[in-house]
Structure formats: C-alpha cells, structure tokens
Amino acid sequence: MNKIKGSCLCKSIAFEIKNECRYSVICHCTMCQKANAEFSSYVKVKKTNFRFKKKKNLKWFNSSKNYKRGFCSKCGSSLFFQSRDSYTAVSYTHLRAHET
C-alpha cells in the first residue's frame, strides 16, 4: 500500500494518505488567490484514506457558506480545503504540503 506523507512548515500538523489520490485541481478563483497566492493546487482524497498523525495547531476557517479551509495557527501554512458538510466523503490537501 502506497502512503503519501505531508505536513505544515513547522511540523505541528502532519498527515498521511494511503492508496491513491483521486485527482489534482488547480484553482485560480479569488478566494484561493486571497488564501494562498496566484492559485492553489489541491489533491482530492477520500476521507477514509486520510489520517492525521498530528494536528496540534490545526484551525479551520469557514471561507464560504459551503466550504472551510484548514491551516496551521503556528506557522500559517494553508493545508486543507473541504466541504463544511460532515457527510462529504472527500477532502482536498495542498500539493505543496506533500513530502513524498
């Protein structure tokens, strides 16, 4: 089984993805530009394939009516984007947070 590891800059948030990532997304919307830079690059991941190893400084920001963004409150790394609906089976992780 393949595993992809990732973390924030200060390593206080770490995660692991097992199996495959579903697909990648490059988003240039205004919200992603304000949250990250010129664009955001995400990978779609099934929540059942995602596991936090550490999430000490993980904070969530409700960026719109339907979505929230996860970031590290210590180093400021923007890491996650997901539906605010807890029943949604997928999450998105920033490609830049992946280590392997």
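Let's start at Phe50, which is buried, with a relative accessible area of 19%. That value sits just inside the rule, because buried means under 20%. Keep in mind that you're looking at a predicted model.

Now look for aromatic ring pairs. Rings pair if their centres lie within 6.5 Å, and by this rule there are seven aromatic pairs.

Phe52 itself is partly exposed, at 25% relative accessible area. Phe52 also pairs with Phe80, again edge-to-face, with 5.5 Å from centre to centre and 85 degrees between the planes. What does this pair tie together? Phe52 belongs to strand E5 (residues 50-55) and Phe80 to strand E8 (residues 78-83), so the contact links parts that are 28 residues apart in sequence. And is Phe80 buried or exposed? Phe80 is buried, with a relative accessible area of 1%.

Step back and you can see how these rings belong together. Ring pairs join Phe15, Phe50, Phe52, Trp60 and Phe80 into a cluster. One member of that cluster, Trp60, has a charged neighbour to look at too: Lys68 lies over the face of the Trp60 ring, 4.6 Å from the ring centre.

Conventions: Residues numbered from 1 in each chain as written. Predicted model: local features only at pLDDT ≥ 70, side-chain atom pairs only at ≥ 80, totals over all residues. Heavy atoms only, no water. Phe/Tyr/Trp six-rings, centres within 6.5 Å; stacked < 30°, edge-to-face > 60°. Buried < 20%, exposed > 50% of the residue type's maximum accessible area, 1.4 Å probe, protein only. Helix = DSSP H or I, 4+ residues; strand = E, 2+ residues; numbered from the N terminus. Lys NZ or Arg CZ within 6 Å of the ring centre and 35° of its normal.
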